[in-house]
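These are my notebook entries on a structure that I had not examined before. I record what I looked up, entry by entry.

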Amino acid sequence: MRSPDPRPAVDLDVGLATGFWLPIWRRFRKNRLGVASGIILMVLYTLAVFAPFFSPYPFDEFHGKVKFAPPQRVRVFDDEGRLTAPFTYAYKRQMDPETLALNYHEDRSTKYRVRFFVRGEPYRVLFVISATRRFIGVEEGGTIFLLGTDVLGRDLLSRILKAAQVSLSVPLVGTFITVVLGLILGVASGYFGGVIDDVIQRFIELLLSFPHIPLWLALSAAIPPTWPSNYVYLTIVAILSFIGWGGLARVVRGKVLAYRGEEYVLAARAAGARNWRIITRHLVPGCLSHTIVVATLSIPGIILGESALSYLGVGVTPPMTSWGVLIKDATSIHAIVRHVWLTIPGLMITVTVLCFNFLGDAIRDAVDPFAT
Amino acid sequence: MTVFLVRRLFTMVISFLLMSLVIFIIIQLAPGDFITHLMAQMSGGGMRDEYAREFAENFRRLHGLDQPKWIQYFIWIRNFLTGDMGHSLLHGRPVATLLGDRLALSFGISAGSLLFTWLIGIPIGIYGATHKNTIGDHAATFVGFLGLSIPNFFLALVLMIFAVFVIDQPVGMLFSRAYEEAPWSLAKALDLAKNLWIPIVVIGTAGTAGTLRIMRGNLLDMLGQPYVTTARSKGLKERIVVRRHAVRIAFNPLVSTLGMSLPTLLSGETITSIVLNLPTAGPLLFEALLAEDIYLSASILQFYAIFLLLGNLMADIALTGLDPRIRLE
């Protein structure tokens, strides 16, 4: 006969202690701003991964006749105000007789039907999946520049999506390096103490006390211009995470110092566990929640750093592009004023960083509700 | 106090030397040197190979670039300590004359931004703590985060456009034409302030969220303390309880994190000045780093280090003035 379950029935939503992660997840879920930020970020990352699918054009395709064209509207009402299938109007170019600037207007006489899941140039997703279908396109002869075009007549939406792959992957790779370095050096510092601790701590102090941008500039200016762009990409990531690990190592060190003397660690040692086992089984898991918090909060700095370096021209190099590069490509403030849509990459950076800030904040509150 | 100062000065000297070494190593990381850069640019300029080589050798010998790197470092740091910062390779002029007012302006803008951050962040932080979880509190936090999230260079760009096209104010200079060469006076200082608001707002907005959070969080902590309850139960007005009892102590963490926020300010100053092309140390440093003008870039970076070391020291001393519980021993 089965004995009755001695545990009282627990309403999961009321939330008695059920493991380590569940209460954290519940507290996180209550933070609406954090959840919304997480969802926006997931959408952005999905768009970036499937960038070629969502871009109407290849990111480097030139359209010489439509340089600096304003965003095109997809219309669903025709001239008589009737609901029709979505379409775009053709561009009509006019040269301003005084400023000699090109102005674009809608040519109401020519309509092009918008098509979904159209066949386009073949592309690859995640290096392996080959495909030709694109999410959105337009009838032969028409154009669909949803966010306008840049100085060379390239579709800005397609470029922003392509750039998102760099701008959004740099913080992830960078954070990974930060976490690995921070954990290793933080644990080493806290667990072994002594000279190792002193050297690591002084080095961190040195790193943290120096302004990041000048240091990043100095390091990225040292990248040889002849390097291929994927080398440059990795080096930039390494440079950006070179500083971030210090903060994490300090937090981890503090935690390890505290846990080192706890009974369960002493018991493990008395039972004959080696250093490696104590560290991986008993100390690192205890630091995990704080590691996640510090890692999430370090992401905004990495994104801002990458975009700043790229904007100044010492970041990622062509054919790679990032949101910072796209703003640099706007050529001048006069170009930006006349073509406001060129600032959209800047808004993308702001939204992404804002979301990561809110997300990191929400995670911190969830992990450690008593911290201020 | 004296013992503290002596010990602090000793560690500062050590940090200074360590930083100078790290700085020198970093700026030497780039392949080649200034002259290989120059040659690459001049190639095809019609100079015959043997002349070019001879010129390169002479130039290197003249500026000590032919020495091993570690000897270069010792010569540079020895000269730096005696006040001789060497010649800029790029500009062909002494580093000291090139820097001139630029460093002072850099530090001035950083300090001004800090002031801006505090003037905005502290009152809003106090408001947030005393009106916890109201719409105003949430809105303030949101705006603070927004300032934190806009890239400095982007905000600088936007404000530059605003200044040029909306209020018709030129950017990229700190003084109007009339005051550029004029000696320092009140009018010139006012003129400077008029041109300085863009960089200060750009750098300041990035730090406001941090200040606001620290202030709000600490004040909330303090408002729950027994001594605040005591003050309230004595019948003091809430305004006085907050201002005289809670806020004063809540200031401490702001001052003690000052040392950490100085690098951020200087960082923001550098990028903002490069974008706006202000006559501060930032653009000069960037130019020097790209051209491998080692004496110029090393000197500027070293001055940043000195500024930070002194800033930290002053923050520590200010803290003892603010909180009688902390003593320098």
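Predicted model: local features only at pLDDT ≥ 70, side-chain atom pairs only at ≥ 80, totals over all residues.

Entry 1, cysteines. I looked up Cys287(A) and found that it counts as buried because its relative accessibility is 1%; buried means under 20% relative accessible area, exposed over 50% and partly exposed in between, with a 1.4 Å probe and protein chains only. Cys355(A), at a relative accessible area of 5%, is buried as well. I then searched for disulfides, defined as pairs of cysteine sulfur atoms within 2.5 Å, and the structure holds zero of them over all chains.

Residues are numbered from 1 along each chain as its sequence is written, chains are lettered from A and ligands numbered from 1 in the order in which they are written, and side-chain values use heavy atoms, with hydrogens and water left out.

Ser289(A) lies in helix α9 of chain A, residues 275–312; helices (H or I, at least four residues) and strands (E, at least two) are DSSP runs numbered from the N terminus. I list Ser289(A) as buried because its relative accessible area is 5%. Setting aside neighbours within four places in sequence, I found Ser289(A) in contact with Phe20(A) and Val367(A), where contact means heavy atoms within 4.5 Å.

I counted 15 helices and zero strands in chain B. The C-alpha trace of chain B spans about 90 × 55 × 40 Å along its principal axes. Of its 329 residues, 46% count as buried.

How many residues of chain B are in contact with chain A? I found 42, and they meet 39 residues of chain A. The buried area, that is, the accessible area (1.4 Å probe) that two parts lose on being put together, summed over both, is about 3600 Å² between the chains, and carbon and sulfur atoms give 83% of this.

The rule, a side-chain nitrogen of Lys or Arg within 4 Å of a carboxyl oxygen of Asp or Glu, finds one salt bridge across the interface of chain B and chain A. Arg213(B) forms a salt bridge with Asp361(A), and their closest N and O atoms are 3.1 Å apart.
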